[in-house]
Amino acid sequence: MNNSSSNNSPLSGVLSLGELVTLQPAPQPCLIEPGLLPSQGIFFCGGEPKVGKSLLVANLAFVLAAGSTRAGFHVSTRRRVLMCQFELPVDQFTARLTGMRRSVGMAADGHLFVDTRAAGHMLSTPAGLNHFLAAARSAAAEVIILDPLYSAHDQDENDTRAMAALCQSLLRLRDASKAALIVVHHVRKSIGRNEIGTAFRGSSALHAVGDSYMLMTRPSPQLNTVELRFQFRYAPPLPPRLLNLDPDSLWFFASGQAPTSDSARHKVEIADVTAALAAIGPLARYNELRHQIMSLTNCSKRTAQLAIAEACRIRSIVQEDGHYRLPL
């Protein structure tokens, strides 16, 4: 009988440091630069509902499939991308992709694939995992997009063991398909300015399994501008950046870097408080007003609270029956 070890790869077993350095192949370049999607990595894109996560991820799918540069993200080599989305009917999703396609022409046509039967399959079950694996192999996918994650599992997101099992399913999908994963997920309702990977809804297991995280927020509800913040496992984070959405083409484009935490304003002016209240409407509850001030000024929760108190003291805003309004 042959020794099974004879079939092992040169990197298997116990190696000296010299052997390891000599035999170790060069690291694979990231699929999306700078550093956003490592080769066979797991990338989480998160944000509040309706912030534009699915649109941005669809943009990234086109960039990957076309091998192009958009919104500050660069792809040097075309990749085969499989999109598994669970929220839109196939005809509506096709219409969305058709609108985006007008900006890139036919460049992505042969490398972008859609699993039209993804809905209803649970990644957390053996049958569902086998479905996604079969779809990935059919497309020879190098990147698999799951949008959104909560529609692809039936686990309790507050149960650590259940979420750890779901993370194992993500790892099995990645390892068996040899593909990188882009996972769209929601975040918790109340998160701090500096939270990124830990802001995703569910167990901390999600924070442990990912290689890169991108958090989308909307600085102002009146604008088509989103702010991106990043956290990478193996590299320093990128500085925050701003993107604007073109509602006609459904493409995001870069509009500069967002203020970092070091350069963000810590003092909130009374004008900021009244502007935040005006943006909400005639009446606002305390938490709603505080959140709007934090979004507009990048300040801390405590700073926003002090600003509200001061604005009430000098009667720039009025508190009435648990609501806040501008003076008549």
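Author: Let us begin with helix packing. Axes are lines fitted to C-alpha atoms, for helices over the stretch in contact, and angles run from 0 to 180 degrees between N-to-C directions. Helices (H or I, at least four residues) and strands (E, at least two) are DSSP runs, numbered from the N terminus. This is a predicted model, in which local features need pLDDT of at least 70 and side-chain atom pairs count only at pLDDT 80 or more, while totals for chains, interfaces and linings use all residues. Residues are numbered from 1 along each chain as its sequence is written, and side-chain values use heavy atoms, with hydrogens and water left out.

Reader: How is confidence to be read, and which average pLDDT does the protein chain have?

Author: pLDDT is the predictor's confidence in each residue, from 0 to 100. Where it is low, the predicted coordinates should not be read in detail. Here the protein chain has an average pLDDT of 88, and 92% of the residues score at least 70. Residues 1-7 have a pLDDT below 50, and this stretch has zero contacts (heavy atoms within 4.5 Å) beyond near neighbours in sequence. Residues 260-265 also fall below 50, but that stretch has nine such contacts in the model.

Reader: Which residues of H4 and H5 meet?

Author: On the H4 side they are Leu-129, Phe-132, Leu-133, Ala-136 and Arg-137, which meet Ser-169, Arg-172, Leu-173, Ala-176 and Ser-177 of H5. The contact of H4 with H5 comprises six nonpolar, two polar and two charged residues. In this classification Ala, Val, Leu, Ile, Met, Phe, Trp, Tyr, Cys and Pro count as nonpolar, Asp, Glu, Lys and Arg as charged, and the others, Gly among them, as polar.

Reader: Is H2 parallel or oblique to H3?

Author: The axes of H2 (residues 53-66) and H3 come within 11 Å and cross at roughly 55 degrees, so H2 is oblique to H3. Their crossing is right-handed. H2 contributes Ser-54, Leu-55, Ala-58, Asn-59 and Phe-62 to the contact, and H3 contributes Arg-96, Leu-97, Met-100 and Arg-101.

Reader: How are aromatic pairs read, and how many does a search of the whole structure find?

Author: A pair of aromatic rings is described by the distance of the centres and the angle of the planes. Rings of Phe, Tyr and Trp (its six-membered ring) pair if their centres lie within 6.5 Å; planes under 30 degrees apart count as stacked, over 60 as edge-to-face and the rest as tilted. The search finds eight aromatic pairs. One of them, Phe-86 with Phe-132, is edge-to-face, at 6.1 Å centre to centre and 90 degrees between the planes. Phe-86 lies in the loop between strand S4 (81-85) and helix H3 (90-101), and Phe-132 in helix H4, 46 residues apart.

Reader: Where is the peptide bond cis?

Author: Glu-33 and Pro-34 are joined by a cis peptide bond, with omega about 5 degrees. The bond from Asp-147 to Pro-148 is cis, with omega near -10 degrees.

Note on methods:
Angles under 35 degrees count as roughly parallel, over 145 as roughly antiparallel, 65 to 115 as roughly perpendicular and the rest as oblique. A crossing is left-handed if the near helix is turned anticlockwise from the far one by less than a right angle, and right-handed if clockwise.
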